[in-house]
Amino acid sequence: MKERRASYEEIKAVLQELHEDLLFTLMASDKELFHSNVHGRIFSKNEKIKNAFFKKFSSQNEAQKESVVIREYKHIDLFMQCPGYNPIAIENKLFADFGDKQLERYTESLNSLKTDWHGILLTLKSLNMGDISGDVQENWFVITYSEFAIFLKTHMDLIVVEEFEREFVVRYINLIEKLDKFTSLLLPLETDPRLELTIS
């Protein structure tokens with residue numbers, strides 16, 4: 001099916017939904033920090049869903065016995081270990097591309113672990129990997145927020161928290177689905193000016 005540019009009315013309608021979403025308002029000051037904090041909370045409070053995430057996105061390592069969830073480990077948004085699996089590092093790239101040699105620096109830091117590890121780039125949009133060396137690219141792969149939302153919805157029965165926090169997770173899933181819908185409507189041309197998504 002041929003892609004089309006969304007109409008102004010379609011984009012405006014989704015933006016209106018986002019502006020009315022409390023969580024979107026909360027994330028506006030620091031988008032990636034907000035999401036990393038939510039992910040850290042989900043995985044640190046729910047060992048079963050963390051196990052399911054590692055089963056899907058990591059590889060087995062019987063020698064690994066640690067269970068940790070760390071924010072800003074070596075400047076990486078989220079670092080996790082799960083018994084029986086190799087570590088996972090998650091870098092949130094909501095709208096931004098990489099900083100100068102960012103993945104190279106993270107890869108060098110993670111290689112000091114002296115074990116295999118998996119790097120995940122969690123993103124709403126495609127990322128420019130063209131300037132990243134092949135060795136670095138081998139360690140990192142992309143998961144979209146849409147895929148992450150599907151993972152969370154599929155494993156909601158593993159989230160054992162009080163009702164308020166469970167409702168928060170449901171609302172968070174709704175938020176990232178709206179963000180995914182919004183970005184899917186935007187098909188910029190090379191001549192389009194760069195826009196920043198902000199709250200007025």
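The legends below describe close-up views of a predicted model.

Local features are given where pLDDT is at least 70, and side-chain atom pairs count only at pLDDT 80 or more, whereas totals for chains, interfaces and linings use all residues. Residues are numbered from 1 along each chain as its sequence is written, and side-chain values use heavy atoms, with hydrogens and water left out.

View 1. The chain has 8 helices and 7 strands, where helices (H or I, at least four residues) and strands (E, at least two) are DSSP runs numbered from the N terminus. Of its 200 residues, 42% count as buried; buried means under 20% relative accessible area, exposed means over 50%, and partly exposed lies in between, with a 1.4 Å probe and protein chains only. Among contacts (heavy atoms within 4.5 Å) between residues at least 6 apart in sequence, 67% join residues at least 24 apart.

**View 2. Helix 7 against helix 8.** The axes of helix 7 (residues 145-154) and helix 8 (residues 163-185) come within 9 Å and cross at roughly 155°, which makes helix 7 roughly antiparallel to helix 8. Axes are lines fitted to C-alpha atoms, for helices over the stretch in contact, and angles run from 0 to 180 degrees between N-to-C directions; those under 35 degrees count as roughly parallel, over 145 as roughly antiparallel, 65 to 115 as roughly perpendicular and the rest as oblique. The crossing of helix 7 with helix 8 is left-handed, a term used if the near helix is turned anticlockwise from the far one by less than a right angle, with right-handed used if clockwise. On the helix 7 side the contact involves Tyr-145, Ser-146, Phe-148, Ala-149, Leu-152 and Lys-153, which meet Tyr-172, Ile-173, Ile-176, Glu-177 and Asp-180 of helix 8. By class, this contact has 7 nonpolar, 1 polar and 3 charged residues, where Ala, Val, Leu, Ile, Met, Phe, Trp, Tyr, Cys and Pro count as nonpolar, Asp, Glu, Lys and Arg as charged, and the others, Gly among them, as polar.

**View 3. Helix 4 against helix 7.** Helix 4 (residues 47-57) and helix 7 have axes that come within 11 Å and cross at roughly 130°, which makes helix 4 oblique to helix 7. Helix 4 passes helix 7 in a right-handed crossing. Ile-49, Ala-52, Phe-53 and Lys-56 of helix 4 make the contact with Phe-148, Phe-151 and Leu-152 of helix 7, and these residues divide into 6 nonpolar, no polar and 1 charged.

**View 4. The largest nonpolar core.** A nonpolar core is a set of buried Ala, Val, Leu, Ile, Met, Phe, Trp, Tyr and Cys residues joined through side-chain atoms within 4.5 Å. The largest such core has 33 residues, of which Phe-43, Phe-53, Ile-90, Phe-148, Phe-151, Leu-152 and Tyr-172 touch the most other members. Two or more residues are given to this core by each of helix 3 (31-45), helix 4, strand 3, strand 5 (88-93), strand 6, helix 7 and helix 8, and the largest share, 6 residues, comes from helix 8. Another core, of 10 residues, lies apart from it and has Phe-79, Ala-89, Trp-117 and Val-136 among its members.

View 5. Although Val-38 and Tyr-172 are 134 residues apart along the chain, their C-alpha atoms are separated by 8.5 Å, and Val-38 touches Phe-168 and Tyr-172, not counting residues up to four places away in sequence.

**View 6. The buried residues of helix 5.** In helix 5 (102-111), Gln-102, Leu-103, Glu-104, Tyr-106, Thr-107 and Leu-110 are buried. The buried residues of this helix pack against strand 2, strand 3, strand 5, strand 6, helix 6 (134-137) and strand 7 (140-144).

View 7. Most residues other than glycine have a negative phi. Lys-114 lies in the loop between helix 5 and strand 6 (118-123) and, at 75% relative accessibility, counts as exposed.
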